Amino acid sequence: MMPAEAGLIRGRRIALRPVEDGDLPLIHRWVNHPEVWRYMDYEQPFSLADVTEDLERSREEGQPFTILVQGRPIGRIGLNQFRRRDRICSLYMFIGEPAFWGAGHARDAVMTLLGYAFDRHDLYQVELWTLSDNDRAISMYQKCGFVAESRLRQRSWKEGGWVDRVVMSVNREEFGRARGAWEDRVPAAGDPSAERS
C-alpha cells in the first residue's frame with residue numbers, strides 16, 4: 001500500500017478516497033442492485049434519502065471510502081464501530097459495478113484499507129461479518145488474513161430459507177503475514193498477469 005496523498009489511499013490497482021456527496025446517486029444504484037442487496041443483507045430497497053442519511057451516519061461513526069479504478073468509482077468500503085480502548089473496528093465493503101466483479105479489486109481494496117487501519121490507526125484487530133453462502137467473499141477475506149471466529153445460526157431469511165452469518169476477524173500479526181504473501185505474489189498495476197480473486 002502506498003501512503004495517503006491528499007485524502008487518497010493508493011493500493012495496487014485501486015485507490016480509496018473519502019466518499020463525496022457526488023457519489024450518492026452511484027451508491028444508490030449500487031445498493032439496490034439485486035446481488036449487492038442480497039449479499040450485504042439489506043432488509044429493504046434504499047431511497048436516495050436513505051443513502052444520504054446512511055452516508056452522514058457513516059461519516060460521524062467511521063470512515064467511508066469510495067473504491068476507484070483509474071479514477072472510476074466502482075464500490076464502497078469503510079471502517080466503523082471503533083472501540084478505541086481495545087484498538088478494534090469493523091470493516092464493510094462491496095463492489096457495486098458488475099463489470100468489475102471477479103477481477104481482484106475487492107481484495108486490493110480490503111488489503112489497502114487494512115494497511116491503512118493497522119498502520120495509521122494503530123489497531124490491533126479488524127472484524128466483519130458476511131453471509132455464510134457468500135463463498136467468494138469468504139475466500140477473499142481469508143486471503144487477506146481474516147479467520148472465521150463463529151457462525152451465527154439462521155440470522156437472515158433469504159429466498160425462502162435461513163442463512164447463517166460468519167463472523168471473521170484479522171489481527172495485526174495475521175495481516176502482516178497476508179500482506180507479505182500479497183506483496184510477494186501480486187503483480188504491479190498494468191501487468192497482464194495481475195492476480196484475480
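How many bridges join strand β4 (residues 72-83) to β5? Seven bridges join the two strands, which run antiparallel. The close-ups below come from a predicted model, in which local features need pLDDT of at least 70, side-chain atom pairs count only at pLDDT 80 or more, and totals for chains, interfaces and linings use all residues. Residues are numbered from 1 along each chain as its sequence is written, and side-chain values use heavy atoms, with hydrogens and water left out.

View 1. Strands here are DSSP runs of E with at least two residues, helices are runs of H or I with at least four, and both are numbered from the N terminus. Two strands pair if DSSP finds at least two bridges between them. Look for isoleucine 77, whose bridge partner in β5 is methionine 93. The hairpin of β4 and β5 has four residues between the strands, and arginine 87 takes a positive phi near 55° there.

**View 2. The two covered faces of β5.** Eight of the eight residues in β5 are buried, meaning under 20% relative accessible area, with exposed being over 50% and partly exposed in between (1.4 Å probe, protein chains only). In a regular strand the side chains alternate between the two faces of the sheet. Here Ile88, Ser90, Tyr92 and Phe94 are buried on one side, and Cys89, Leu91, Met93 and Ile95 are buried on the other.

**View 3. From β5 across to β6.** β5 also pairs with strand β6 (residues 125-131), in the parallel sense and over three bridges. Serine 90 stands opposite glutamate 127 in β6. Between these strands the chain passes through helix α4 (residues 105-120), and this β-α-β crossover is right-handed: with the strands pointing away from the viewer, the path from the first strand over the helix to the second runs clockwise.

**View 4. Aromatic pairs.** Rings of Phe, Tyr and Trp (its six-membered ring) pair if their centres lie within 6.5 Å; planes under 30 degrees apart count as stacked, over 60 as edge-to-face and the rest as tilted. By this rule the count comes to six aromatic pairs. One of them, phenylalanine 118 with phenylalanine 175, is stacked, at 5.4 Å centre to centre and 20° between the planes. This pair links distant parts of the chain, with phenylalanine 118 in helix α4 and phenylalanine 175 in helix α6 (residues 172-185), 57 residues apart. Phenylalanine 118 is buried with a relative accessible area of 2%, and phenylalanine 175 is buried at 1%. Tyrosine 141 and phenylalanine 146 form an edge-to-face pair, 5.6 Å centre to centre with 65° between the planes, and both residues are buried.

**View 5. Arginines over rings.** A charge sits over a ring if NZ of Lys or CZ of Arg is within 6 Å of the ring centre and within 35 degrees of the ring normal. The charged end of arginine 38 sits over the ring of tyrosine 39, 4.8 Å from its centre. Likewise, arginine 165 lies over the face of tryptophan 129, at 3.8 Å from the ring centre.

View 6. Strand β1 (residues 9-10) pairs with strand β2 (residues 15-18) in the antiparallel sense over two bridges, and four residues lie between them in a hairpin. Isoleucine 9 has leucine 16 in β2 as its bridge partner. β2 in turn pairs with strand β3 (residues 63-69), again antiparallel, over four bridges; phenylalanine 65 in β3 is the bridge partner of proline 18.
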